[in-house]
Amino acid sequence: GNVYKNGCISGYNCRHKLIPYKQGVRPIEIPAKVVAHERAVNDKQRNFERKIRYFRKLALLYKGNNGIMYMKAREKAIAWNKAYIEFSKENGVPYYPSRTQILD
């Protein structure tokens, strides 16, 4: 199969960039306000993903056993997923459908 160079800086899907060293050049400081905002957005996204997975799991549990509860859980999962996508688009960050998948 495929062989990836999975080092600590060159791993598959790694977003690090190697740049040549220059004497006296320091990295750009990111303002604390920006860091706090990005962390808040990230935390909110993870919360959305947890809720979506929770309701999808519930839907799977009720499927074939309780039709009414299955539909309620499924509707909530769909509603949370729409909110997740909308939130991500509003904040200009990607959303990841793979993070909300439930394998049955």
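**Figure 1. Salt bridges in the predicted model.** A search of the whole structure finds two salt bridges, and the model searched is a predicted one. The residues R46, E49 and R99 are linked in a network of salt bridges. Side chains of opposite charge can pair when their charged atoms come close. Between E49 and R46, the closest N and O atoms are 2.8 Å apart. Between R99 and E49, the closest N and O atoms are 3.8 Å apart.

**Figure 2. Surroundings of the salt-bridge partners.** E49 and R46 are three residues apart in helix α1, so about one helical turn separates them. E49 is buried, with a relative accessible area of 3%. R99 forms a salt bridge with E49. R99 lies in the segment after α2 while E49 sits in helix α1, so this pair ties together parts that are 50 residues apart in sequence. R99 is partly exposed, at a relative accessible area of 35%.

**Figure 3. The protein chain as a whole.** The protein chain contains two helices and zero strands. Of its 104 residues, 17% are buried. The accessible surface of the chain comes to about 9200 Å², and carbon and sulfur atoms account for 56% of that surface. When contacts between residues at least 6 apart in sequence are taken, 61% join residues at least 24 apart.

**Figure 4. Helix α2 and what covers it.** Helix α2 spans residues 67-90 and has 24 residues. From its first C-alpha to its last, α2 reaches 34 Å, close to the 34 Å expected at 1.5 Å a residue. Within α2, the residues A73, A77, N81, Y84, F87 and S88 are buried. Helix α1 (32-62) is included in what covers the buried residues of α2. Just after α2, G92 takes a positive phi of about 65 degrees.

**Figure 5. The largest nonpolar core.** In soluble globular proteins, nonpolar side chains tend to be buried together. Here the largest nonpolar core has six residues, namely V41, F48, I52, Y84, F87 and V93. Helices α1 and α2 each supply at least two residues of this core. The helix that gives the most to this core is α1, with three residues. Apart from this core lies another core, of five residues, among them F55, L58, A73 and A77.

**Figure 6. Contacts of Y84.** Y84 is one of the residues of the largest nonpolar core, and Y84 is also among the buried residues of α2. Not counting residues up to four places away in sequence, Y84 touches Q45, F48, E49, I52, Y95, Y96 and T100. Another partner, E49, forms salt bridges with R46 and with R99.

**Figure 7. Aromatic pairs.** The structure holds five aromatic pairs. One of them joins Y54 and F55 in an edge-to-face arrangement, 5.1 Å centre to centre, with 75 degrees between the planes. Y54 counts as partly exposed, at 48% relative accessibility, whereas F55 is buried, with a relative accessible area of 15%. Ring pairs also link F48, W80, Y84, F87 and Y95 into a cluster.

Note on methods
Residues numbered from 1 in each chain as written. Predicted model: local features only at pLDDT ≥ 70, side-chain atom pairs only at ≥ 80, totals over all residues. Heavy atoms only, no water. Helix = DSSP H or I, 4+ residues; strand = E, 2+ residues; numbered from the N terminus. Buried < 20%, exposed > 50% of the residue type's maximum accessible area, 1.4 Å probe, protein only. Contact = heavy atoms within 4.5 Å. Areas by Shrake-Rupley, 256 points an atom, 1.4 Å probe, with all protein chains shown as cover. Expected span 1.5 Å × (residues − 1). Core = buried A, V, L, I, M, F, W, Y, C linked by side-chain atoms within 4.5 Å. Salt bridge = Lys/Arg side-chain N within 4 Å of Asp/Glu carboxyl O. Phe/Tyr/Trp six-rings, centres within 6.5 Å; stacked < 30°, edge-to-face > 60°.
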